[in-house]
Amino acid sequence: GDRYSIRSSGGGGWGDPLERDPSLVLADVRDGYVSLEAAEKVYGVTIHEGTIDEETTAKLRGKK
């Protein structure tokens, strides 16, 4: 009957950052949680003029 709760102040996350849904990364950029530079370097998501650059993102993530 025990219950555990984990609260994170941000940062750590779970799983491979390159597997994160690019639209969620875009939302975090728009909300100011992630910079454009971090989106590209950490998450492999290139954002240009407020939208995801699908081709460059695929290349960064090793999918093309």
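Among contacts (heavy atoms within 4.5 Å) in the protein chain between residues at least 6 apart in sequence, 29% join residues at least 24 apart. This is a predicted model: local features need pLDDT of at least 70, side-chain atom pairs count only at pLDDT 80 or more, and totals for chains, interfaces and linings use all residues. Residues are numbered from 1 along each chain as its sequence is written, and side-chain values use heavy atoms, with hydrogens and water left out.

The protein chain averages a pLDDT of 91, and 89% of the residues score at least 70; pLDDT is the predictor's confidence in each residue, from 0 to 100. Three helices and two strands make up the secondary structure. Their order from the N terminus is α-α-β-β-α. Helices (H or I, at least four residues) and strands (E, at least two) are DSSP runs, numbered from the N terminus.

| Element | Residues | Mean pLDDT |
|---|---|---|
| Helix α3, lowest | 54-60 | 96 |
| Strand β2, highest | 51-52 | 98 |

Of the 64 residues, 23% are buried, meaning under 20% relative accessible area (1.4 Å probe, protein chains only). The largest nonpolar core has nine residues, including Val 25, Val 34, Tyr 43 and Ile 52. Such a core is a set of buried Ala, Val, Leu, Ile, Met, Phe, Trp, Tyr and Cys residues joined through side-chain atoms within 4.5 Å. Helix α1 (residues 22-30) gives the largest share of this core, three residues.

Thr 46 lies in the loop between α2 (36-41) and β1 (47-48). Thr 46 is buried, at 9% relative accessible area. Leaving aside neighbours within four places in sequence, Thr 46 contacts residues including Glu 40, Ile 52 and Leu 60.

Methods
Buried means under 20% relative accessible area, exposed over 50%, partly exposed in between (1.4 Å probe, protein chains only).
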